[in-house]
Amino acid sequence: MSKLSEQDIEKRLLHFPDWDYYDNAIHAEFEFENFKDCFSAMSRIAFECEALNHHPDWSNVYNVLTISLSTHDANGVTNKDFKLAEAIETIVEPDEE
Ligand code: H2B
């Protein structure tokens, strides 16, 4: 999987308003009602990651989930990252689109 150009990434990010590109990765932060909702979303995301065989760099503090996506093998952002970002959006923002 080859690394996308910065222009390609910025173009795709127009469809991902929660995400920003910097430091060779795309990043988003999601806030939930409480820890339980946050961790529940994390477990659902974890199943998607296993299904896609693609894994986030992420951290959680109480009700906030911080996610960075990059493809380690490609040393940058690839289609795999956007595929996972899309799956994450469907889980955390079920009412949108
Ligand atoms: N996740 C991410 N984010 N980048 C990778 O390069 C990657 C991964 N590689 N998950 C996968 C697993 C690789 O280690 C396995 C062996 O396919």
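**Close-up views of a predicted model**

**View A. Asn 24 sits in the loop between β1 (20-22) and β2.** This and every other view is taken from a predicted model. The phi of Asn 24 is near 65 degrees, a positive value in a residue other than glycine. Such a value deserves a glance, because most residues other than glycine have a negative phi.

View B. For a landmark, look for Tyr 21, which stands opposite Ile 26 in β2.

**View C. β2 also pairs with β4.** Here too the sense is antiparallel, and the pairing extends over six bridges. How enclosed is β2 by the rest of the structure? Largely so, because five of its seven residues are buried.

**View D. Tyr 62 lies in the loop between β3 (57-61) and β4.** Its phi, near 50 degrees, is a positive value in a residue other than glycine. With a relative accessibility of 52%, Tyr 62 is above the 50% cut-off, and therefore counts as exposed.

**View E. Trp 19, Ile 26 and Ile 88 touch the most other members of the largest nonpolar core.** This core has 25 residues. The elements α1, β2, α2, β4 and α3 each supply at least two of its residues, and the largest share, six residues, comes from α3. As general background, nonpolar side chains tend to be buried together in soluble globular proteins.

**View F. Trp 19 has contacts well beyond its neighbours within four places in sequence.** Which residues does Trp 19 contact once those neighbours are left aside? Among them are Leu 13, Ile 26, His 27, Ala 28 and Phe 30. Ile 67, Leu 69, Ala 85, Ile 88 and Glu 89 are also in contact with Trp 19.

**View G. Helix α3 covers residues 79-92.** Its end C-alpha atoms are 20 Å apart, and this agrees with expectation because 14 residues at 1.5 Å a residue should span 20 Å. Which α3 residues are buried? They are Asp 81, Phe 82, Leu 84, Ala 85, Ala 87, Ile 88, Glu 89, Ile 91 and Val 92.

**View H. The protein chain holds three helices and four strands.** Starting at the N terminus, its elements follow the order α-β-β-α-β-β-α. Along the principal axes, the C-alpha atoms fill a box of roughly 35 × 25 × 25 Å. The radius of gyration is 13 Å, which agrees with a compact globule, because one of 97 residues would have a value near 13 Å. Buried residues make up 41% of the 97. Among contacts with a separation of 6 or more, 63% come from residues 24 or more positions apart. The chain exposes about 6300 Å², and carbon and sulfur atoms supply 47% of that area.

Notes: Residues are numbered from 1 along each chain as its sequence is written. This is a predicted model: local features need pLDDT of at least 70, side-chain atom pairs count only at pLDDT 80 or more; totals for chains, interfaces and linings use all residues. Side-chain values use heavy atoms; hydrogens and water are left out. The expected span of a helix is 1.5 Å times one less than its number of residues. Buried means under 20% relative accessible area, exposed over 50%, partly exposed in between (1.4 Å probe, protein chains only). A nonpolar core is a set of buried Ala, Val, Leu, Ile, Met, Phe, Trp, Tyr and Cys residues joined through side-chain atoms within 4.5 Å. Contact means heavy atoms within 4.5 Å. The radius of gyration is taken over C-alpha atoms; the globule rule is 2.2 Å times the number of residues to the power 0.38. Accessible areas come from the Shrake-Rupley method with a 1.4 Å probe; for residues, only the protein chains shown count as cover. Two strands pair if DSSP finds at least two bridges between them.
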